[in-house]
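Biologist: I'd like to walk through this one with you, step by step. Can we start once it's on the screen?

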Amino acid sequence: MELSNILKTFINHLKKHFIIFIGVWFVIGLFLFLPITRSDNFFGIIYLVYLFSSLIFAFVLGTVAFGSYTKTFILVQNNRKKIVLACLIFSLLVTSVFTIIAAFLRLKAKTYNITPFNFPLALSLIAGYLLFFYLGAMYGLFIKFNKKAKRIFYIVMFTLFSIFGIIILPLGVEIVNVIVYTKYFEDVIIVFYMFSGLNIILIPICILKTLKLDILKSYSFE
């Protein structure tokens, strides 16, 4: 199967979800242009909801791409390099679309005393969407279809949040606050470095796992 056909399959199967997601946020973005008095926090809440929904969507798309489609394509035609390349291109497409929507939603940012869309914010969002896409890929490749691994994963996550929640939650809130309000250039760049460092680790792992994936063993866990 050619690279273009793999990408077309991704897009055709998921286009309804993309259309709904983009359409909803386009309408909300237009609503921000209406001459209605709102508080500055109103914009912050809108952008916060978009940030969380788009990150979750990126995670789900990564899970579907690597956890479902990749296995199917390997079974149909075992051309793993093209499949990996298609997933990488698809992740960049998802990242670009979500970043463009974020830029669109910030067109009226100055009206709400929020920092307008800028280059450091764009870099942080790109790195963030890639990170969540490949976190979803990790889940799809290693956990999604393995009941034992899934059980262990949830136990470990619950334990970590129980023990380190007092550190994890404030840090998470601070990162979200930086991305939503982007007051200081240095803070945004630090977020970019954090996300990029994790991407450097996760993306090669997903690629290598896909290239070495044992399909029969993988499906035997389901």
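Predicted model: local features only at pLDDT ≥ 70, side-chain atom pairs only at ≥ 80, totals over all residues.

Biologist: Okay, leaving aside neighbours within four places in sequence, which residues is F98 in contact with?

Modeller: We skip the neighbours within four places in sequence. What's left for F98 is F18, F21, Y50, S54, F57, A58, L61 and Y129.

Biologist: Which element gives the largest share of the largest nonpolar core?

Modeller: That core has 59 residues, and F98 is among those with the most contacts inside it, along with Y47, Y50 and F90. The elements giving two or more residues to the core are α1, α2, α3, α4, α5 and α6. The largest share, 14 residues, comes from α2.

Biologist: Now W25: is it buried or exposed?

Modeller: W25 lies in helix α1, and it touches I46, V49, Y50, S53, I101, F104 and L105, not counting residues up to four places away in sequence. Its relative accessible area is 6%. Buried means under 20%, so W25 is buried.

Biologist: How far apart in space are W25 and Y50, C-alpha to C-alpha?

Modeller: In sequence they're 25 residues apart. In space, C-alpha to C-alpha, W25 and Y50 are 7.8 Å apart.

Definitions and conventions:
Residues numbered from 1 in each chain as written. Heavy atoms only, no water. Helix = DSSP H or I, 4+ residues; strand = E, 2+ residues; numbered from the N terminus. Buried < 20%, exposed > 50% of the residue type's maximum accessible area, 1.4 Å probe, protein only. Contact = heavy atoms within 4.5 Å. Core = buried A, V, L, I, M, F, W, Y, C linked by side-chain atoms within 4.5 Å.
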